[in-house]
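I opened the notebook to look up a few things in this structure. I begin with one residue and then turn to the whole chain.

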Amino acid sequence: MNARERLADAVYGLGWSTVKKLPEPVAVRLGRTVADLAWKKRGKGVRRLESNYARVVPDASPERLAELSRAGMRSYLRYWMESFRLPAWSAERICDGFEPEGMDHLTDALASGRGVVLALPHMANWDLAGAWVTTRLRTPFTTVAERLKPETLYDRFVAYREGLGMEVLPHSGGTAFGTLARRLRDGGLVCLVAERDLSASGVEVKFFGDTARMPAGPALLAQQTGALLLPVTLWYDDSPVMRGRIHPPLDVPETGTRAEKTSVMTQALADAFATGIADHPEDWHMLQRLWLADLEAAPAPPGGSA
């Protein structure tokens, strides 16, 4: 473990051990202060966030983009302050902390017994939405987590999410898809954050007018298991309550090859994500490169080749 990894592990450990003990108004103020400091520093993540917002709101002036990136950082730090505190929230606080629209889509899907895939982008607080599902709906689900370095940090995230009632599988390795498929065939629920492809072998989609690559997993799982695929988008308003929308299930095309069906369904998923992000861009926490043009423009790593 190098010094940077040790620092990251220590910072997250401090967050879960200390921030969760703060009174909620103090945690809110702390998050906003940290967000504003990071925004003023204009590091790589803030600049990338602003660049991504420029694609979402192409007619925005530089002043408007600056406002969006500041609001975006405040939303991002609200996510972290809430996440650090979620393990200490009461069941009542979790149940009162999220109000989704379109609940009938989810309840009808769960009642069908076919299995359900909920797919969502990095918006607002997806961990809170998950905790709400396990607490308010009393429905367990399975998800996938990106392997982080150091391993101790990954273990912290797994323990945190398992403590909220989730079954967490590592993204790396070939067993996750098979386990997810088994859960769905048993009529279970799977939740996946699904607008950023981590495998470099995802499906190309049009996203805000340009080409991006999104994971094929949600569409493939729906096809192979008969599960229903429902997009979800989340956002904050000025209240302590997070809002959300459960979109109608996406149809599996009746004709075409598996690859063609996957392409159609993943594009439909991207379109649903885009509607939610366009309505609430400041709550989309994408501080990494997403579009292929941006990925291709990324500098080669030191000592490597382009």
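I take buried to mean under 20% relative accessible area, exposed over 50%, and partly exposed in between, with a 1.4 Å probe and protein chains only. The model is predicted, so I noted that local features need pLDDT of at least 70, side-chain atom pairs count only at pLDDT 80 or more, and totals for chains, interfaces and linings use all residues. Residues are numbered from 1 along each chain as its sequence is written, and side-chain values use heavy atoms, with hydrogens and water left out.

Entry one: Thr142. Is this residue buried or exposed? Thr142 counts as buried because its relative accessibility is 3%. I found Thr142 in strand S3, residues 141–145; strands are DSSP runs of E, at least two residues, and helices are runs of H or I, at least four, numbered from the N terminus.

Entry two: its surroundings. I set aside the neighbours within four places in sequence and listed the contacts of Thr142, among them Glu167, Leu169, Arg183 and Cys191. Contact means heavy atoms within 4.5 Å. The side chains of Thr142 and Glu167 are joined by a polar contact of 2.6 Å. For that term I used a pair of N or O atoms within 3.5 Å, where within protein one must be able to donate a hydrogen and the other to accept it, and residues adjacent in sequence count only if both atoms are side-chain atoms.

I read 12 helices and 9 strands in the protein chain. Of its 306 residues, 47% are buried.
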